[in-house]
Amino acid sequence: MKKAICIGFVAVLFLSLLLTVFLPDQSFSEMENRYLAGKPELSLQAVLSGDWMEDMETYLADQFPGRTFFVRTKATLNFLLGQREIGGAYVGADGQLFEVFSKDLDAERLSQNAQILSQFAESQTGRVYFLPVYSAFTLYPERLPAFAQEPDERAILAALGLPESVAVADAYADFLAHKGEDLYFRTDHHWTQDGAYLAYRAFCEAAGFAPAEDLAAVESAQPFFGSLFSKAPLWGLAGDRLRLYEIPRKVQVTYDLERAADSLYTLSALEKKDQYTVFLDGNHARVDIETDAGTGRTLVVLQDSFAHALVPFLANHYDTIVVLDLRYYNLPVSDVLAEHPGADILLTYNLSWLAQDANLFKLLR
Amino acid sequence: MVFSSLSFLTLFLPLTILLYFAVPRRFRNLLLFLASLIFYAWGEPVYIVLMLFSSVVDYSHGLLMEKFDGRPGVRRALLVSSVAINLSLLGFFKYAGLVVSTLNAALSLSIPVPSVALPVGISFYTFQTMSYSIDVYRRNCPAQRDPIAFGCYVTMFPQLIAGPIVRYVDVMREINGRRETFEGFYLGIRRFLVGLAKKLILANGVGMLWDSVSAQPAASLSALSAWLGVLAYAFQIYFDFSGYSDMAIGMGRMFGFQFPENFRYPYVSRSVSDFWRRWHITLSTWFREYLYIPLGGNRVRVPRNIFNLAVVWMATGLWHGASWNFLLWGAYFGAVLIAEKFLYGKALSRAPGFVGWAYTALVVLVGWVFFALDDLGRGAAYLGAMFGGGAGAVDAYALRALLNYGAVLLLCAAASTPLASGALERLRARRPRAHSALTYALVIAGFALCLIYVVDAGYNPFLYFRF
């Protein structure tokens, strides 16, 4: 037995090296949602600087045979040891995952952003709406692990001190009333389209529109393992089912002024890992949407990714919708607004992200 | 190269083992020597020259001492020369920055501070080579004539960068001729895996707690958070350091060496002197053999004995890092040990065991605060938070930390005692077959666990870069 352990020990280590080197490299990890390192190129310079050795370590770890198994097992062992904060996600009741924000948000950043929002809103001629997006933990604090601390998003909203001219479409009460439904994914930080629909109703109320009702929905065939699952990929977590509401409109969508599509949904995303990108094709700097709503109205949406699930509903009420993501959009916002004089403006942000967003200054350009 | 990395575990170690056992016995020292050079160059491609220089210096000094065997004056000069060269290397590469910046601060000068990166392991290998020269001088051992064998001793990769500090006399016989066996190799694997698991599961597991606590300003820490933080650090440094020693001893065993033990459950000590007989034993031994006893040790009058202890402990402190907090840390332990020796040691040994244990734990934990935080002001503020000067007694952060890390802390506490090894020993005595079946199962399970933890070891700090 001792002999067997001796030989087995060396053999397992050596074999994992051979498998790492001779099996074809994987370039992308779907589970971790990141690119994996490839074989480092050997050069005298890289060796002398030590870069080659460092790259080698990353390569060996990233291409280790069965890496996914090891990563998931380690996360699960840590969970079994009592850890409820794994890889930047809280593991809550019934395996629901929550994004971990520091409870102490940067107060200076928040007040800066509040000022930017007010300044922006006051300089507009069109109608300005603000639609706050709450995180799952604000609606389901009881599902957080014990003693978990998250920002108080109701307090963030109050701290924004938006001017009177801004119409706030706050769906908080409606969310509370529908708490029993799946308003958020359990493995992704976004809301579901059911959650987005409640926000849409709040927007309609603020804008004086009659919301579309009784929309048909389809469900994705594959379970959806979202961004929080990438952080805490525990064995035994059930994936989500992504529901998609059909929008009975003809649309013409242009992504980043380049690529055209005739749907608000990119259905091929349902076969991939990040199914949330089905909505408006995921993150884009700018999306231009033309619809056959025939209302003569135009909307400019300034948003983070939560709005992707919301905007499709708005196609019922606007002929033209321009969606900007200031994390990626670096041209002057004022130019876009000048293209569409008198357009309605919708600012919709997740409150915890908004409190720490470093891109908001681009609003004023 | 860090032992708990995949480059080491899947690339370097298996290749070295395969080659080592493939070559004829007479080439094995050479193979170990070359492998160790690659190992060192992996992390420090440039400073390898320094290590070779240090080896050449002590190799030649040893030979010369033997050549001038009948000339005490020459031998003495050679000893002084060897110690001076070794200490100058250490002084320049480790302490120049500290000395210059202190001078600048004290005399408001602006001498440019030399920015030399500390060569990894220099504190370990200079102490090893010095032990060789001193022991040859004292005629404790003959000089090593074979340069390969000597190089193999100095650079031997298992203990090169984090100890144990192996004196030449400890391994002389094995350097000159050793026997590797399957039994020894198996025991080596077992020991190696114990160390790897300590590092990957326990040390890295609690290390994140300390990182999180120490990243906060002391004023915002509750007392419970501060205690949990320093407890986490105490476990992190113990399991990291003793884990490294276990891995080194285990690998030595695989290649047929018996390295000296470095830790013996220090956290069960009932006095601070007891703690230092159990913590980093090879360093304390080194200072005793080559500094304390030459100064006269304790066979002198009390004031001189106190002076000797003070010198040894300040040197021990500074050995740990070129920063004033380490000197303070050493002086602190020196003062406690002097007090224990001359004031209350006897009373302590008569007190109930838990009193001694609690006293030792308190002294050691307070010491770790100064050890871990190299800014003295932060250290003082942190101590303040531990004793209620921060943000209250308990807060949600501390409770969350307790929830997330409670189990790992308990595991650490259990692994700090000889409970498990004692139980295994009793089983061996009563039911030897069950004992061997259980150890085999533990070895295999431990190996699997280590693989699981090492593949996703994004958090894998190396604590000895300053030593």
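At what angle do the axes of helix 3 and helix 4 of chain B cross? I started my notebook with that, working on a predicted model.

**Entry 1: two helices of chain B**

I looked up helix 3 of chain B, residues 48–67, beside helix 4 of chain B. Their axes cross at roughly 170° and come within 9 Å. Angles over 145 degrees count as roughly antiparallel. Therefore I wrote down helix 3 of chain B as roughly antiparallel to helix 4 of chain B.

Next I listed who makes the contact. Helix 3 of chain B brings B:L50, B:S54, B:V57, B:D58, B:H61, B:L64 and B:M65. Helix 4 of chain B brings B:R75, B:L78, B:S81, B:S82, B:I85, B:N86 and B:L89. I sorted this contact by class and found seven nonpolar, five polar and two charged residues.

**Entry 2: the domains of chain B**

I then stepped back to the whole of chain B. I noted domain 1 at 6–178 and domain 2 at 184–455. The C-alpha centres of these domains of chain B are 26 Å apart.

I checked where the domains touch. In chain B, 24 residues of domain 1 are in contact with 21 residues of domain 2. Which elements give two or more residues to the domain 1 side? I found helix 1 (6–22), helix 4 (72–107), helix 5 (122–137), helix 7 (157–160) and helix 8 (168–176) of chain B. That side of domain 1 of chain B has 15 nonpolar, five polar and four charged residues.

**Entry 3: chain A against chain B**

How many residues of chain A are in contact with chain B? I recorded 35 residues of chain A, facing 33 residues of chain B. Four helices of chain A each supply at least two residues of the side that touches chain B: helix 1 (2–22), helix 2 (44–49), helix 3 (51–62) and helix 4 (67–80). Helix 1 of chain A gives the largest share, with 10 residues. By class, I noted 22 nonpolar, six polar and seven charged residues on this side of chain A.

**Entry 4: a sheet in chain A**

Last, I looked for strands in chain A. I found an open sheet of three strands in the order 3-4-5, with antiparallel pairing. Which strands are at the edges? They are strand 3 (85–86) and strand 5 (97–99) of chain A, and each pairs on one side only.

I followed one pairing further. Strand 4 of chain A, residues 89–91, pairs with strand 5 of chain A over three bridges, in the antiparallel sense. I traced A:A89 to its bridge partner in strand 5 of chain A, which is A:E99.

Methods: Residues are numbered from 1 along each chain as its sequence is written. Chains are lettered from A and ligands numbered from 1 in the order in which they are written. This is a predicted model: local features need pLDDT of at least 70, side-chain atom pairs count only at pLDDT 80 or more; totals for chains, interfaces and linings use all residues. Two residues are in contact if their C-beta atoms, placed from the backbone, lie within 7 Å. Ala, Val, Leu, Ile, Met, Phe, Trp, Tyr, Cys and Pro count as nonpolar, Asp, Glu, Lys and Arg as charged, and the others, Gly among them, as polar. Domain bounds come from an automatic or database domain assignment. Axes are lines fitted to C-alpha atoms, for helices over the stretch in contact, and angles run from 0 to 180 degrees between N-to-C directions. Angles under 35 degrees count as roughly parallel, over 145 as roughly antiparallel, 65 to 115 as roughly perpendicular and the rest as oblique. Two strands pair if DSSP finds at least two bridges between them.
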